[in-house]
Amino acid sequence: MGAVLRPFDRMRRQRNEAEYPGAHRPELTAADVSRDLPRVAAIADLAERVLDRMSPY
Amino acid sequence: MQASSLLLPILRSPFQGELLAWLYLHPGVEASLADLARRFGVSQATVSREADRLAQAGLVLERRLGIVRLLRANLDTVVTRPLTDLLAVTYGPMAIITDALMPIEHITGAYIYGSWAARYRGEPGPVPGDVDVVVIGAPDADDLYEAAATAERRLAREVNITAVPESAWQSPAGNPFLESVRTRPLVKLDLTTGVI
């Protein structure tokens with residue numbers, strides 16, 4: 001589970017940075033996004049599987 | 001060569017900062033004069049002179065192995081802890097980020113840019129709040145992110161590591177980020193010789 005969730009924090013930060021583009025950080029490319037797609041799918045899949053087992057709080 | 005250190009202006013020279021930072025941020029590790037000279041691009045005579053001064057002051061311990069002179073930090077003085085902290089937040093980035101990047105595959109080069117590199121290269125300004133690093137190659141994004149997190153913990157300041165493909169680094173035209181990075185001060189990190 002740790003391995004699947006490992007990219008989450010990085011992608012969250014990258015998404016935040018993408019909202020404020022500037023010359024001090026490179027722009028995200030299509031290749032960056034494509035590379036991360038399987039990892040996103042794996043996290044979504046994991047979330048789907050654990051959702052039923054979690055209490056509402 | 002800069003007359004005095006701008007990252008930590010109480011030091012005699014930038015090299016004195018690099019040498020002390022390397023030794024104090026690798027506690028217990030011995031390094032030869034030749035290794036240190038190669039690492040920081042100075043002559044062995046320069047390292048030797050600095051080593052004499054620091055050994056005399058009790059900040060550095062030395063041991064001779066035949067004709068090889070080995071240096072290490074003196075971890076047993078009242079200044080050890082505060083000096084280590086001071087070096088970690090000033091000269092530490094080169095030593096600590098190099099260490100963090102070494103185990104990562106598919107990296108062909110790495111540079112510190114931004115305000116830390118500018119201060120290091122002698123451009124006056126405030127003490128840098130973060131350290132920006134550009135890595136050339138195609139490393140795994142999560143490996144890089146973890147390396148940045150490790151370095152952040154050790155340096156107690158934000159570390160941002162960005163990867164760019166070799167081709168983009170070679171031809172930065174049309175890429176505002178790389179065009180700006182390449183015209184500003186850069187500090188190359190030596191990932192080939194290893195730290196220990």
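Reader: At what angle do helix α1 and helix α2 of chain A pack, and how far apart are their axes?

Author: Welcome! This is a predicted model. In it, α1 (residues 2–18) and α2 (residues 30–51) of chain A pack at an angle of about 115°, and their axes are 9 Å apart.

Reader: Why is α1(A) called roughly perpendicular to α2(A)?

Author: Angles of 65 to 115 degrees count as roughly perpendicular. The angle here is about 115°, so α1(A) is described as roughly perpendicular to α2(A). The crossing of α1(A) past α2(A) is left-handed.

Reader: Which residues make the contact between α1(A) and α2(A)?

Author: From α1(A) come Val4(A), Leu5(A), Pro7(A), Phe8(A) and Met11(A). On the α2(A) side are Asp36(A), Arg39(A), Ala42(A), Ile43(A) and Leu46(A). By class, that contact has eight nonpolar, no polar and two charged residues. Asp and Arg count as charged, and the contact includes Asp36(A) and Arg39(A).

Reader: What makes β6 and β7 of chain B edge strands?

Author: The open sheet has four strands in the order β6-β5-β4-β7 (chain B), and its pairing is mixed. β6 (158–164) and β7 (187–188) of chain B each pair on one side only, and these are the edge strands.

Reader: How do you know that β4 of chain B pairs with β7(B)?

Author: Two strands pair if there are at least two bridges between them. Two bridges join β4 (residues 107–113) of chain B to β7(B), so the pair meets that cut-off. The two strands run antiparallel. One residue to look for is Ile112(B), whose bridge partner in β7(B) is Val187(B).

Reader: Where are the domains of chain B, and which elements of domain 1 touch domain 2?

Author: The domain assignment gives domain 1 (14–90) and domain 2 (92–188) of chain B. Their C-alpha centres lie 25 Å apart. Eight residues of domain 1 are in contact with eight residues of domain 2. On the domain 1 side, α1 (14–24) and α4 (80–90) of chain B are the elements that give two or more residues. The largest share, four residues, comes from α4(B). That side divides into six nonpolar, one polar and one charged residue.

Reader: How many residues of chain A are in contact with chain B, and what classes do they belong to?

Author: Six residues of chain A are in contact with eight residues of chain B. The chain A side divides into three nonpolar, no polar and three charged residues.

Note on methods: Residues are numbered from 1 along each chain as its sequence is written. Chains are lettered from A and ligands numbered from 1 in the order in which they are written. This is a predicted model: local features need pLDDT of at least 70, side-chain atom pairs count only at pLDDT 80 or more; totals for chains, interfaces and linings use all residues. Domain bounds come from an automatic or database domain assignment. Two residues are in contact if their C-beta atoms, placed from the backbone, lie within 7 Å. Axes are lines fitted to C-alpha atoms, for helices over the stretch in contact, and angles run from 0 to 180 degrees between N-to-C directions. Angles under 35 degrees count as roughly parallel, over 145 as roughly antiparallel, 65 to 115 as roughly perpendicular and the rest as oblique. A crossing is left-handed if the near helix is turned anticlockwise from the far one by less than a right angle, and right-handed if clockwise.
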